[in-house]
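Welcome! Have a look at the sequence and the fold, then try each task before reading on.

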Amino acid sequence: MSVTTKSVLNESKQIERAAMLIEMGARMQVLESETTLSYERLIRLYKEIAGKSPSKGQLPFSTDWFLTWQENIHSSLFLNIYEYLSKGVSLDTAEQLTKAYRLYAEQIETAGLDPLLSFTRAWRLVKFVDANMLTRTPCSTCKGQFVTEPYENARHYQCGLCNPPARAGKSKSAGALMLH
């Protein structure tokens, strides 16, 4: 069978993948990147599953969000889970991403926190790491791996948990990370 021949089985797998991504909150750009389905087909599938049209607009394209205090802790937790899964199980990128995101969400829920990292941001984080725009650096105090810029000086790096900013953990909002 040639590559150009349409396969009902392959199309079924692509629809299943797209449905799973939509249920996790993926935006259209993620669906287009992670499946081979047409844009029109993805729109119809999105409306059928989500019950509404997909969000419009561009995805955020700045690494800055991942480097702010609480967001960095959430991003680092997710990325460490993602990297751990890459070592133990043979998964394709989308499967690894969804499994890592589910584990991240479970951990955040168990801690009584609100998930700050959306599925689409988690996908974007992996893309930034793959493009060497972000990396993981060990904290010089706790030795945990945290999301940083590639040129971070690892010898002196301290994470936001070991060296929080002055106003960190003072939020009164429910579901926010609190420091005692």
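**Exercise 1. Describe helix 1 and its surroundings.**

Step 1: length. Helix 1 covers residues 8-23, which is 16 residues, and its first and last C-alpha atoms lie 22 Å apart. That is close to the 22 Å expected at 1.5 Å a residue, where the expected span is 1.5 Å times one less than the number of residues. Helices here (H or I, at least four residues) and strands (E, at least two) are DSSP runs, numbered from the N terminus.

A word on the ground rules: this is a predicted model, in which local features need pLDDT of at least 70 and side-chain atom pairs count only at pLDDT 80 or more, while totals for chains, interfaces and linings use all residues. Residues are numbered from 1 along each chain as its sequence is written, and side-chain values use heavy atoms, with hydrogens and water left out.

Step 2: the two ends. At the start of helix 1, a side-chain oxygen of Ser-7 comes to within 3.3 Å of the backbone nitrogen of Leu-9. This is a polar contact (a pair of N or O atoms within 3.5 Å; within protein, one must be able to donate a hydrogen and the other to accept it, and residues adjacent in sequence count only if both atoms are side-chain atoms). After helix 1 comes Gly-25, with a positive phi near 100°.

Step 3: the buried side. Buried means under 20% relative accessible area, exposed means over 50%, and partly exposed is in between (1.4 Å probe, protein chains only). In helix 1 the buried residues are Gln-14, Arg-17, Ala-18, Ala-19, Leu-21 and Ile-22. Their cover includes helix 2 (28-34), helix 3, helix 5 (93-110) and helix 6 (119-130).

**Exercise 2. Work out how strand 1 and strand 2 are arranged.**

Step 1: pairing. Strand 1 and strand 2 run antiparallel, paired over four bridges; two strands pair if DSSP finds at least two bridges between them. Within this pairing, Thr-135 faces Thr-148 of strand 2.

Step 2: the turn. The two strands make a hairpin with six residues between them. Lys-143 sits in this loop between strand 1 and strand 2 and is exposed, at 57% relative accessible area.

Step 3: Most residues other than glycine have a negative phi, and most peptide bonds are trans. Lys-143 has a positive phi near 70° although it is not a glycine. Asn-132 also has a positive value, near 60°. Asn-132 lies in the loop between helix 6 and strand 1, and its relative accessible area of 61% makes it exposed.

**Exercise 3. Which residues does the "binding site" annotation cover, and where do they gather?**

Step 1: the record. An unreviewed UniProt entry gives the annotation "binding site" to Cys-139, Cys-142, Cys-159 and Cys-162. UniProt positions are given in the numbering used here, feature names are shortened, and annotations may be inferred rather than shown by experiment.

Step 2: distances. The four span 24 residues in sequence, yet no two of their C-alpha atoms are more than 8.2 Å apart, so they gather at one spot.

Step 3: Cys-139. Cys-139 is in the loop between strand 1 (135-138) and strand 2 (145-148), and it is buried at 1% relative accessible area. Leaving aside neighbours within four places in sequence, its contacts (heavy atoms within 4.5 Å) are Gly-144, Phe-146, Tyr-157, Gln-158, Cys-159 and Cys-162.

Step 4: Cys-142. Cys-142 belongs to the loop between strand 1 and strand 2 too, but is partly exposed at 40%. Not counting residues up to four places away in sequence, Cys-142 touches Cys-159 and Cys-162.

**Exercise 4. How many disulfides does the model contain?**

Step 1: the rule. A disulfide is a covalent bond between the sulfur atoms of two cysteines. The test used here is a pair of cysteine sulfur atoms within 2.5 Å.

Step 2: the count. By this rule there are zero disulfides. For Cys-139, the nearest cysteine sulfur is that of Cys-142, 3.8 Å away. For Cys-142, the nearest is that of Cys-162, also at 3.8 Å.

**Exercise 5. Is Thr-63 buried or exposed, and what does it touch?**

Step 1: place. Thr-63 is in the loop between helix 3 (39-50) and helix 4 (69-88).

Step 2: accessibility and contacts. Thr-63 counts as buried, at 14% relative accessibility. Leaving aside neighbours within four places in sequence, Thr-63 is in contact with Phe-128, Met-133 and Leu-134.
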